Amino acid sequence: MTRIASGLERAFAEKGFASPSVGDLRDAAGVSLRTLYKYVPSREDMVYAALEHRHRRYLKLVFGDLPLDPEQALGEILDRVASWMETETTRGCLFHAAVASAPHDEKLFDLLKEHKTQVAGLAASATGLAGREIELSLLLEGLTQTWPLHGDRSVERAKLLGKLLMTTHSDIAAK
């Protein structure tokens, strides 16, 4: 299933959600059509499997083995998000693209919400910014949306905003 989900993720990331045919998806998964449908019985299930696989990979890459110092952890998270953008996707978030391709699919929206909630929670935990998950979401989402347009400059600005957030949080906590 991991190999199938990985291939599906790659196909959707490269071609979008509308254009790959079932044959394209089968080829990307590297299995027969029968095997593909055995594990993912519908196109919707293929999208869900791809996104769940991507979610696990993203969390591992961005949040695995972070520095213990909160400010260093935030800088590392932002660098890793930029690295993800550079190597994995140049057009923005695949979860948002999936929801945009099927805006009435509640399960897709729930996957998006769960992914973003976990990302913000892990970022808050790693940086000591508990209670600032919305601000961290804005920072991380802003980075993923501006990276295709501004590249490394968006990372520099995100780090500056992150420092401001950490300083503001420290000042409020001290009072």
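For the charge tally I count Lys and Arg as positive and Asp and Glu as negative, leaving out His and the chain ends. Each charge is placed at NZ of Lys, CZ of Arg, CG of Asp or CD of Glu. On that basis the protein chain has 22 positive and 24 negative charges, and their mean positions are 4 Å apart.

Ground rules for myself: this is a predicted model, where local features need pLDDT of at least 70, side-chain atom pairs count only at pLDDT 80 or more, and totals for chains, interfaces and linings use all residues. Residues are numbered from 1 along each chain as its sequence is written, and side-chain values use heavy atoms, with hydrogens and water left out.

**Overall layout.** I looked up the secondary structure and got nine helices and zero strands; helices (H or I, at least four residues) and strands (E, at least two) are DSSP runs, numbered from the N terminus. The C-alpha trace spans about 60 × 30 × 30 Å along its principal axes. Of the 175 residues, 41% are buried (under 20% relative accessible area; exposed is over 50%, partly exposed in between; 1.4 Å probe, protein chains only).

**Aromatics.** I searched the whole structure and found two aromatic pairs (ring centres of Phe, Tyr or Trp, its six-membered ring, within 6.5 Å; planes under 30 degrees apart are stacked, over 60 edge-to-face, the rest tilted). Phenylalanine 12 and phenylalanine 17 are stacked, because their centres are 4.9 Å apart and their planes at 20°. Both phenylalanine 12 and phenylalanine 17 are buried. Tyrosine 58 and tryptophan 84 pair edge-to-face, at 5.1 Å centre to centre and 90° between the planes. Tyrosine 58 sits in helix α4 (residues 43–63) and tryptophan 84 in helix α5 (residues 70–88), so this pair ties together parts 26 residues apart in sequence. Tyrosine 58 is buried at 7% relative accessible area, and tryptophan 84 is buried at 5%.

**Salt bridges.** Glutamate 9 bridges to arginine 57, with the closest N and O atoms 2.7 Å apart. That links helix α1 (residues 2–15) to helix α4, 48 residues apart. Glutamate 9 is buried at 3%, whereas arginine 57 is partly exposed at 28%. Arginine 57 also meets glutamate 88 at 2.7 Å, N to O, with glutamate 88 in helix α5.

I then checked lysine 116, which bridges to glutamate 141 at 2.6 Å, N to O. This pair joins helix α7 (residues 106–127) and helix α8 (residues 133–150), 25 residues apart. Lysine 116 counts as buried at 17%.

Technical notes
A salt bridge is a side-chain nitrogen of Lys or Arg within 4 Å of a carboxyl oxygen of Asp or Glu.
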